[in-house]
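Open the model in your viewer and keep the selection tool ready. The stops below go from one selection to the next.

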Amino acid sequence: MQESAPIFDNNKIPVKKLWQVIIASSVGTVIEWYDFYIFGSLSAIISLSFFPKEDPTAAFISTLAAFGAGFVARPFGGVIFGRLGDRIGRKYTFLLTLLLMGGSTFAIAFIPSYSEIGLVAPAILLLLRIIQGLALGGEYGGAATYVAEYAPDAERGKYTAYIQTTATLGFFVSIIVILVSQNLMGDAVFRDWGWRVPFALSGILVIVSYFIRRNMHESPLFSKLKAEGRLSENPLKEAFASKENRRLMLVAMFGAIVGQGVVWHTGQFYAQIFINKILKVDFTTTNLIIAASLVIGTPLFVYFGSLSDRIGRKKVMLGGMALAAIFYYPLFAWMSDIVDQEGTLVGDAYFLTMTGKVQLAFICTCLVTFAAMAYGPIAAFLVELFPTKIRYTSLSIPYHFANGVFGGCAPFVATWLGAVTHSNFAGIFYPIALAAITVIVGVIYLPETKGRALMD
């Protein structure tokens, strides 16, 4: 006879307890995103350490390809760690992903350069990047599921949106650490070896986060299933065995996550590449502009998550994707005009007037706003879509496949399209097309989950 499970009502959990859950989950997730995006933020610099310097453009695209490999690895991480999360628990799984992510990021700081060990250097870099992708494939599903299973039904969009801010905060922290390190060391030293310091700092951050997470309790809904002996024996098999669950995973992927993925990565990461590498605005100004837009835009993730509790997840998410599809081209074209009008070429970089900087920051804030609309409610939506015993697996697979293959590769694909067509704007049609397709599919097939009680 199975042990009787304690009664748990997520709608009556004390707010203080809920905030403890959110903070403990978010701290580690911010650090994991910092680890993941520090690579992308430094791709222009580290490309010359790990690839031949004779062709900087090829070196940069190769580095973006390695960056993209981490995204391609994410769905495999979702499969591996989703199964662990549904079998052994949410808490222990994302403790493991934290250590894997932090360890691989820390190790990147100590890879010898291409001039020292040749092709072995980019091979090691690629391997560590894949480990990062596998770890992140398990992290997000765990953190989102853990918080959502505590959150009250009527406010799940609001509380899970704090987890959604962690990707942007991790990106922001990576930019600040880079700028501070560069300022303290000087540009020449930073480009030579100082870029390794932000990677090495990850070791300290991960240790702190590990001790915070170690004291967390297991998700009460998972504990209830475990006490009742109702855990899934094979979450992956169950996720695909049910025709209805397969349909929901496909609808979630092509009616929400693909568009969300390209809008998030285009609005934040590709915008950084576009301004710095394509428009050739100086490195420091580019990162200050992106950082300013993230500071202004990050609270919007919570706002749109809360809004989805009132008017519905579907309207908010698809609205953000539709706005992106409509306004991306004119906004990116406007950025190019601003640099032409407000920039002064000094050496091989443009330096902007204050008017130019403010205008670019405004445009980037608009891009972050589209991302916040698409991304803010999506954790609540995905958790509400799938049953508890296969939730971690069922949401991780479509989320990381769509975000990894379509969203995460957006900067690489967009940069490659621009290079082969010799057009500054060719790359932007990739996210426009995918966002538009997602809106069409979502309008037709996407269910509304607002306020839905979580299924056992």
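Select cysteine 366 and find its sulfur: the closest cysteine sulfur, in cysteine 364, is 9.1 Å away, too far for a bond. A disulfide is a covalent bond between the sulfur atoms of two cysteines; here the term is used for a pair of cysteine sulfur atoms within 2.5 Å. The structure holds zero disulfides. Now select cysteine 364, which is buried at a relative accessible area of 1% (buried is under 20%, exposed over 50%, partly exposed in between, with a 1.4 Å probe and protein chains only).

This is a predicted model, in which local features need pLDDT of at least 70 and side-chain atom pairs count only at pLDDT 80 or more, while totals for chains, interfaces and linings use all residues. Residues are numbered from 1 along each chain as its sequence is written, and side-chain values use heavy atoms, without hydrogens and water.

Next, select Leu42, Val263, Tyr328, Met335, Tyr375, Ile378 and Phe381. Of the 132 residues in the largest nonpolar core, these touch the most other members (such a core is a set of buried Ala, Val, Leu, Ile, Met, Phe, Trp, Tyr and Cys residues joined through side-chain atoms within 4.5 Å). Helix H12, residues 243-278, gives the most to this core, with 17 residues (helices are DSSP runs of H or I, at least four residues, numbered from the N terminus).

Keep leucine 42 selected. Leaving aside residues up to four places away in sequence, leucine 42 touches Ile178, Phe190, Trp195, Pro198 and Phe199 (contact means heavy atoms within 4.5 Å).

Last, select leucine 201 in helix H9, residues 196-214. Leucine 201 counts as partly exposed, at 33% relative accessibility.

Note on methods. Helix = DSSP H or I, 4+ residues; strand = E, 2+ residues; numbered from the N terminus.
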